[in-house]
Every structure is written in C-alpha cells, then in structure tokens.
Amino acid sequence: MEKIFETSKIKELDKYTIENEPIASIDLVEQAATVFVNEFCRRFPSLRNRIIVFAGQGNNGADALAIARLLMERRYNVSTYLINPLNKLSADCETNKNRLVEEGNDQFTEVKPPHFRPPKLEQTDIVIDGLFGSGVDRPLDGVFAKIVDYINRSESTVVSVDMPSGLFGEDNKDNDLQYVIQADMTFTFEFPKLSFLLPENADFVGKWKALPIGLHHDALLNTKTPYGLVTEDCIVECIKPREQFSHKGDYGHALLVAGSVGKMGAAVLAARGCMRSGVGLLTVHLPARGETVMQTALPEALVEMDGNRDIITNLPDISVYDAIGIGPGIGKSEETKAMIESLLGKSGVAPLVIDADALNIIADNSEMLHNLPENTVITPHPKEFDRIAGTSENAFDRLQKARSIATEEKIIVVLKGAYTAVCLPSGKVYFNTSGNPGMATAGSGDVLTGVITSLLAQGYRAEDAAVIGVYIHGIAGNLAAANLSEESMIAGDIVIMLGKAFKQMHDQISYL
C-alpha cells in the first residue's frame with residue numbers, strides 16, 4: 001500500500017528528510033519545483049499561453065517562485081505575483097524571490113495591499129496557484145480571499161501547486177468553500193491529501209497527480225498513518241497462484257442468498273461475478289420462481305429453491321459453505337428479515353458478505369449490526385451507510401463513522417464511491433484507485449458482492465478479499481469502459497471483463 005499522511009505530519013516528513021538525506025530545505029524546494037515543471041511542460045507544451053503565477057508568503061509560495069523561474073528558463077511567458085500583505089516571507093520564499101529578481105525578470109510583482117491591480121485573466125491563460133499549501137487550517141480572508149475569488153471567476157485554466165489554496169487537508173466542514181481555489185489540475189507532492197479522495201472536494205482539486213520529490217524512504221516507512229492507497233503492485237502480491245494438481249474443492253463452495261420477484265437479475269449478476277472470480281462451486285438460494293432464470297442464465301451454478309415462490313423466507317443447511325453472500329435483490333419483507341435474524345443468530349457461520357437489501361434490513365433493525373460475526377464484510381453505498389449510521393455532514397464525517405463502526409463491531413466496511421474506502425477493524429482505511437464513473441450503474445454492486453464472496457470462499461482473509469475484490473472489480477470496470485465507453489457499459493459488462501482483470505494481475509506476476 002502507498003501511504004497517505006495527514007497534513008499535520010507533512011512538516012515532520014520534510015524535517016526528517018532535511019536532517020537525514022541530508023538536504024537543505026531550499027534544495028528540497030528546488031526538487032519539488034523541478035518535478036512540477038517537468039509535469040507541467042508535458043501537459044502544456046505550447047509556449048504561446050501566458051502563465052500567471054500567484055505565490056504566497058510561505059513555503060508553497062517558495063515552490064511557486066521556483067516554478068516561475070524554471071518555466072522562464074524553458075522560455076515560457078511567465079508573469080509572477082508574490083502576495084505579501086504582512087511584508088514577511090519564509091526563508092525559502094525570500095531566497096526564491098531573490099533568485100527570481102536576480103534573473104532580471106521584469107514580469108515579477110511583489111504585492112503589498114491595498115495597492116494591487118490584478119492582471120486581467122484571459123481564457124487562454126494558465127494560472128499556477130501557489131498561494132497556500134497543506135498548512136492552511138482556517139478559511140482564507142482579506143486579500144487572499146479576494147484573489148482566490150478573482151481566479152475562480154476567470155475562465156483561465158488553473159493548476160495548483162501541491163494543494164488548491166484554501167482547501168484543508170482533511171475535514172472541510174468548517175471551511176469557507178467560497179474562498180478555495182477551483183483547480184483544473186493539482187500536482188501534489190509524494191502522495192495525495194485525504195481531502196482529494198472525498199467527493200465534496202472534486203470541484204476544487206480537479207484532476208490530480210502525485211509527484212515524487214525524494215522524501216526520505218525511512219520517513220515514509222516509519223511514520224504511522226491509518227490511511228493508504230491500493231495499488232496494482234500490492235494486489236499482485238496478494239493474488240494466490242493455483243496449484244497444478246488442484247481441483248474445484250480447493251477453491252471453496254460459496255452460497256449466495258439473493259433475488260425476489262422482479263429482482264432475479266440481481267441474483268444472476270452476483271452469481272456471475274462469483275463464478276468469474278474463481279470459486280470452485282457456487283450454490284444460489286433464491287425464490288422458487290427464480291430456478292429457471294438462474295439455470296438458464298448460469299448453468300454452472302447449483303440452485304437451492306426457497307419454499308416461497310416470490311421471496312426468501314428460509315436458509316439451507318449453511319454448515320457446508322465456505323462463504324456466504326447475502327442481500328442482492330432480496331427485498332425487505334418480514335419473512336426475509338426473520339431469515340437474516342436467524343442467520344446472524346447461528347454460531348460458526350461462514351465468512352459473510354452483506355449488501356443491498358440485507359443492509360437496509362439491518363438499518364431498520366439497528367440491533368442486528370451488533371450481531372454481525374467478526375470480519376463480516378458489508379458493502380454499503382453512501383445512502384445505505386447513512387441509513388445505518390445516521391446522516392453525515394460530509395464525506396469526511398461519513399468516513400470517520402465507517403472507521404468507528406469497523407473498529408467497534410470488528411467488521412470490514414466497504415464504503416463504495418469513486419475511491420471506495422475499505423475500513424478495517426484495526427482502524428486502517430485503504431482507498432481503491434481502480435474504476436471509473438461508468439460503474440455507477442444498476443447491478444454493479446451486486447457483481448462486487450459476488451466477487452468478494454468468491455474470494456472469501458477460496459480462503460482469502462476477509463480484509464484481503466475486500467481489498468482485492470474492490471480493486472479487481474474496478475479494473476474490470478476500466479476494461480469495460482475502454483471497450484464500450486463509460487456511458488454504454490452495464491453491470492454485465494463488468495462481469496465479462498473480470499477474466500481479463502485477473503489476467504492483467506497474473507501477467508504482472510509473470511513479469512515479476
């Protein structure tokens with residue numbers, strides 16, 4: 001996993017690097033500016049656009065001033081504005097100001113309000129926002145708020161240095177979002193900030209990319225954080241190879257409890273996701289009227305019929321199964337609720353995945369949450385989660401509630417979204433990096449339930465099954481979108497691409 005650090009720890013990481021690399025602070029600024037400029041020139045190779053750099057008084061401003069100088073050396077047309085209302089600069093900012101002035105730059109202006117007439121920003125201009133970085137912990141005001149508002153009102157392309165100015169690194173519920181830069185792109189240093197991964201901040205961050213700047217390896221390794229990013233490398237390491245002389249019994253027998261009248265498609269999608277993810281044997285327990293549907297759609301699965309034609313009211317003998325997935329399309333009838341209560345009341349239950357209508361039943365009967373076996377995996381989308389945990393002020397608040405539930409109930413909470421957060425009983429949170437907006441389509445979650453259930457049945461630890469399942473599901477979604485477009489893909493297309501997603505992982509294993 002790649003670590004994500006809270007902004008309160010960034011100075012600590014910088015300090016360790018400066019002391020142990022060793023490297024002077026001003027040289028670390030130069031490294032950051034160099035990688036930023038390299039990425040900027042790759043994205044914006046034309047020298048015709050005017051570049052307007054806004055720098056603040058601190059070390060983010062130091063980065064911005066160094067960036068302005070390096071862009072000038074590459075013959076870009078750069079105008080730089082250093083906003084210095086307190087007439088006080090950080091040491092690195094002062095040094096880079098002097099370096100810029102020594103270049104003989106006649107397009108450099110040090111702004112000391114109230115005397116400031118901002119440049120007229122044109123649609124073809126590119127603004128580099130280097131006013132504030134990760135150290136901001138209160139809303140912007142004064143001249144900085146006015147400049148942010150002015151930039152946001154323009155039609156110029158905006159690229160932020162490390163962070164959009166004014167955005168807090170984690171929780172922004174107490175921020176004045178009117179005065180946060182709305183960047184088109186953010187080139188951040190070493191790792192994304194937590195706020196980048198939360199949906200309410202998408203309009204501020206824009207597209208982002210993390211650029212390595214050479215922070216000390218030991219600092220990154222030894223500094224603790226509960227947050228991490230799931231990458232392909234860590235998934236490749238977790239995938240279990242298959243033995244040559246193995247048989248279907250070695251890959252588990254899964255049970256899916258799914259479907260009700262009008263919702264048999266959810267059962268089919270979950271079952272297909274399960275089979276396509278490597279389970280040895282799958283039994284689907286569904287209402288009696290669904291038998292023909294399932295055996296026609298997926299002849300490889302066994303069917304166990306409920307005594308009721310339209311809803312699920314009972315369970316088969318669950319002692320023979322290695323994992324159980326429950327919820328897709330089951331409805332919320334009283335008989336189905338009683339069935340779930342019965343399941344949760346049994347001892348020695350196989351590893352569980354709970355999704356969809358099963359989560360809604362738990363939300364209506366809060367005591368059920370406390371009866372979930374340890375390491376149960378629940379997979380709510382935000383609205384389903386809010387039904388369980390109560391309304392959240394923002395996505396950060398929702399994330400912290402998910403962490404609390406995971407640790408208190410000793411379960412895994414898969415909080416679905418653009419960067420699905422897998423919250424573990426240890427308090428750790430792993431953000432997924434695969435997937436695309438085309439996956440916001442009916443049945444996508446049912447497929448994910450099948451994938452995770454399959455991995456559990458194959459003997460993966462619940463934590464690994466959740467992390468791997470979410471990532472593979474996202475890769476399959478990416479392959480489907482590449483083939484069909486985000487608009488046209490449906491959940492069945494994700495199932496079809498699961499094989500190629502697993503093959504992509506195995507190809508990496510072969511390469512290693």
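Select strand β3, residues 77-83: six of its seven residues are buried, so the strand is largely enclosed by the rest of the structure. Buried denotes under 20% relative accessible area, with a 1.4 Å probe and protein chains only; strands (E, at least two residues) and helices (H or I, at least four) are DSSP runs numbered from the N terminus. The model is predicted, and local features need pLDDT of at least 70, side-chain atom pairs pLDDT 80 or more, while totals for chains, interfaces and linings use all residues. Residues are numbered from 1 along each chain as its sequence is written, and side-chain values use heavy atoms, without hydrogens and water.

Next, display the open, mixed sheet of eleven strands, ordered β1-β9-β18-β17-β16-β15-β14-β13-β10-β11-β12. At its edges, β1 (2-4) and β12 (302-305) each have a single partner strand, so one side of each lacks a neighbour in the sheet. Within the sheet, β10 (253-257) and β11 (281-286) run parallel, joined by five bridges, and V257 has H285 of β11 as its bridge partner.

Finally, select helices α16 (444-457) and α17 (462-484), which pack at about 140 degrees with axes 9 Å apart. Axes are lines fitted to C-alpha atoms, for helices over the stretch in contact, and angles run from 0 to 180 degrees between N-to-C directions. Contact, meaning heavy atoms within 4.5 Å, involves residues including V447 and L448 of α16 and A465 and H473 of α17.

Definitions and conventions: Buried means under 20% relative accessible area, exposed over 50%, partly exposed in between (1.4 Å probe, protein chains only). Two strands pair if DSSP finds at least two bridges between them.
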